[in-house]
Amino acid sequence: MRVKTECCVGCGICLDYCPVGAIKLVNGKAHIVKEECTECWVCYRNKVCPNSCFEPTPLLDFAAVFKHVLSDPTETYQGTGVPGRGTEEAKTNDVTGRYRPGFYGICIDVGRPGIGVYLRDVQKITRALAKVGVAFASPEENPLSAVMTDFKTGEIREDLLDTRVLSIIVEAICPKEKLPAALAALKEVAKEIDTVFSLGIVSVWDEEQNRYLFQTLEKAGLPRPRRGKVNVGLGRPLVKF
Amino acid sequence: MTHSLHRFGPYQDEDFVWQVYHAKGINDQKVPDKLQKVIEVVKEVGSENWGDVKTGPIVCTSEETIRGRLTVQSRLRGVFTRRAQVVQFLMRMKELDLGLSVIIAGDLSEVLQACRKAGLTPHTVNYSIGVFGRADLLPDEEVLGVTSMCGHHMIAAALVERLRERVRKGNLSPQEAAKRLACLCLCGIFNPVRAEILLRGEFKKGGES
C-alpha cells in the first residue's frame, strides 16, 4: 500500500484507521512505514481518505502476497480454501475429526489482539512447541504450516522472518501427556516475544478430557477458561472416534 | 481462524457469536442454498449483526446483496445479545438439519446452558486461555473490549479512542459510533449493542459483567 503524496493534504484522518499504526505524518503528508504495514488494506478498502490517496502497490514476491492474504480477511488462502486466516480449526471438528479424544488442540493466535506480529516471533513459538513434540497442522490445514520448513524443529522459511502480519494462527495437536510441557513452554516463550498471543486449547467434549485440562491449567498457574467456542455437533456426516 | 473466541472487557454475558461452517470436501454440497435457509432463521431470531466476510455485515450491506453473493465457499456468522436467542437459533438449526457445523462462542456458562436448553451436547470446545506476552502493548480494557469484537483486527484502537472521546463529549451518538465500527468488521461478528455500552462507559456495578 502507498499514499499518493501529491494528493495527500495531511488531514491525518487515516492515521486512526490503521490497526497497527503504520501510517505516520511525515512533513505534513501521510506516509506508510513499509516494514510495519501488514497489507490488510483497511485504509484502502474502507475509503478512509477523503481524497482517495491510498493505492495498493503490486505484491511482487511471495512474502508480500503471504502478508496480504493473511492480513486481509476478504482474501482466501488457496492452500486451504478457507477465507480469513485460512483455517477451520475446531469449527468443523464434528465432521473432520481433526481433534480426537486423548489429544488437545493448541491454537495460538499470534499478534492478537490487535498488535500484529513478525514471523521471527512466530518462529520462537513454533520452535518452543517443536521441542515438546507436538504435531503441527498440515499445510493443507493451516497457512503457517505451509511456510514451515521443518516440523521437527519449528523452523519457518528464512526469507519470511521479517514479514509482519496482522495475526497468524499456530496450530498443533498435543498428546494428553505432553500438555503440561506445552503450556510451560508457551509461558516461557511468552517472555521472549515482542508481541502478544491469545491461546486456545481445543478438546472434544468429554468429562475426563475437560477434567484433565482444567487440572493441568491450574497446575500451570493458568485460570479456568471463562470463554469458549462450542461446536454443537450438528455437522453431517458426524465423525466417529 | 479463531476470530470469534478471544474477547475482552465487560458485558461478555450479553455477547454471543454464532457461525455456520462447512468443511471443504466433506459437507460442501449445496452450500448457498443451505445458507439461504440459515438467513431465514437468523432473521427470525433477530441476530443484531451478521454477514459474510466476502460481502460485509448486514449493518451496512443489504440482505439482498449478501444473499446474492453466496457461493460454495461462503460461511455465515453473526451475533446475539441474549441467551434465549441462542437457544431458539440452536433449536431451529437442529430442526432444519442442514448438516453444516454450528458454532457458538461466548461466556461458557451461558453457552453451555443454551446448548442444554436446546437439547444439544457439545462436540468440541476451543477454550480461551488468555493473552500472553507483551500485555503492556494492549489498549485499556474498554477499548480492547471493542476492538476484540473484530477478531480479524480490522478495528484500530486509535479509532475507538477517538470515537469514544466524541461520544462522551456528546459530539457523536453511541449508535452512530458503533455502526461506523461495525462496518469495518466484515464478517458481521462485531456486536454493535455491546459496543454502544462500552463507548458510553456505562458499566454494571463491579465493572466486569
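**Two chains, questioned**

Student: Which is Ser52(A), buried or exposed?
Tutor: Ser52(A) has 11 C-beta neighbours inside 10 Å. A residue is buried with 20 or more other C-beta atoms within 10 Å of its own, exposed with 12 or fewer, and partly exposed in between, the C-beta atoms being placed from the backbone. Therefore Ser52(A) counts as exposed.

Student: What kind of model is this?
Tutor: Residues are numbered from 1 along each chain as its sequence is written, while chains are lettered from A and ligands numbered from 1 in the order written. Local features need pLDDT of at least 70, side-chain atom pairs count only at pLDDT 80 or more, and totals for chains, interfaces and linings use all residues, since the model is predicted.

Student: Where does Ser52(A) lie, and what is its phi?
Tutor: Ser52(A) lies in the loop between helix H1 (42-45) and strand S4 (54-55) of chain A. Helices (H or I, at least four residues) and strands (E, at least two) are DSSP runs, numbered from the N terminus. Most residues other than glycine have a negative phi. For Ser52(A), phi is positive, near 50°.

Student: What is phi of His153(B), and is the residue buried or exposed?
Tutor: The loop between helix H5 (141-147) and helix H6 (157-168) of chain B holds His153(B). Its phi is positive, near 65°. With 29 other C-beta atoms within 10 Å, His153(B) is buried.

Student: What is omega for the cis bond joining Arg236(A) and Pro237(A)?
Tutor: Pro237(A) lies in the segment after strand S15 (227-231) of chain A. The cis bond joins Arg236(A) to Pro237(A), with omega about 0°.

Student: How many residues of domain 1 of chain B are in contact with domain 2 of chain B?
Tutor: Chain B has domain 1 (12-117) and domain 2 (135-200), with bounds from an automatic or database domain assignment. Contact means C-beta atoms, placed from the backbone, within 7 Å. On the domain 2 side there are 13 residues; on the domain 1 side, 17.

Student: Which elements give two or more residues to that side of domain 1 of chain B?
Tutor: The answer is three strands of chain B. They are strand S2 (49-52), strand S3 (56-57) and strand S4 (76-80).

How values were computed: Two residues are in contact if their C-beta atoms, placed from the backbone, lie within 7 Å.
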